[in-house]
Amino acid sequence: MAGDRIEAATMVMAAAATGGTVHLDNITAADFSDSLTRALAEAGIIRADDPSGGVRMHLYGQLQALEAATGPHPGLPTDTAPQLAAMLTRAEGTSLIGERVYPRRDTHVQGLPSFGAEITATGPILRVRGPARLHGAEVEGADIRAVTALLIAAFAADGTSTIREMFHLRRGYGYLLPNLATLGAEITTIPGGP
């Protein structure tokens, strides 16, 4: 894949939520903030620089719960917190994610329980308990990050899911859906529909 650091992080979290591996072309370790790299490592995601270019990231064992908080650069990017929460629904234990940049960035919290996730928001703190056995659901995304988190949950879920308001992805992701398809995701979009 080629793309920006948020799309790359989303690909990594989608792969990890499904127990997979991803190779990111045109991305280097430097493209990930130290805080994001630490959070992914704490969850059990190992990074290996590819001598031919790019980065390979894979899950080592079972996803593990973690505690993290967003912050201004070089902190954990706030634009990755919803995806992180979706990934952590599959992690062993209870995770806490603090949102220090946009305290009300929790629109994904409403949709994730439809998949069977145990997630709650108390002010700017999200609590995610896992691993949840996720199942297909019909949900609606309120914004770009909520849609992205719901996509990750749908990929990790058994069965088929329908996500409405997918148009939000056009605001910030140029190639996310085709790139996710390269990981094996089966995605059907309906023009003018969900």
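Begin by selecting T122, whose bridge partner in β7 is I125. Strands here are DSSP runs of E with at least two residues, and helices are runs of H or I with at least four, numbered from the N terminus.

Before going on, note that this is a predicted model in which local features need pLDDT of at least 70 and side-chain atom pairs count only at pLDDT 80 or more, while totals for chains, interfaces and linings use all residues. Residues are numbered from 1 along each chain as its sequence is written, and side-chain values use heavy atoms, with hydrogens and water left out.

Next, select residues 144-156, helix α4, which has 13 residues and reaches 19 Å from its first C-alpha to its last, close to the 18 Å expected at 1.5 Å a residue, where the expected span is 1.5 Å times one less than the number of residues. Twelve of the 13 residues of α4 are buried, a term that means under 20% relative accessible area, with exposed over 50% and partly exposed in between (1.4 Å probe, protein chains only). Show the neighbours of these buried residues, and you find them packed against α1 (5-17), α3 (81-88), β8 (138-140), β9 (162-164) and α5 (176-182); contact means heavy atoms within 4.5 Å. At the start of α4, a side-chain oxygen of D143 reaches to within 3.2 Å of the backbone nitrogen of R145.

In helix α1, select T10, which is buried with a relative accessible area of 1%. Leaving aside residues up to four places away in sequence, T10 touches Q83, T148, I152, Y173 and L176. The side chains of T10 and Y173 are joined by a polar contact of 3.2 Å; such a contact is a pair of N or O atoms within 3.5 Å, and within protein one must be able to donate a hydrogen and the other to accept it, while residues adjacent in sequence count only if both atoms are side-chain atoms.

Finish at I46 in strand β2 (residues 45-49), a residue that is partly exposed, with a relative accessible area of 35%. I46 touches R56, M57, H58 and Y60, not counting residues up to four places away in sequence.

Technical notes: Two strands pair if DSSP finds at least two bridges between them.
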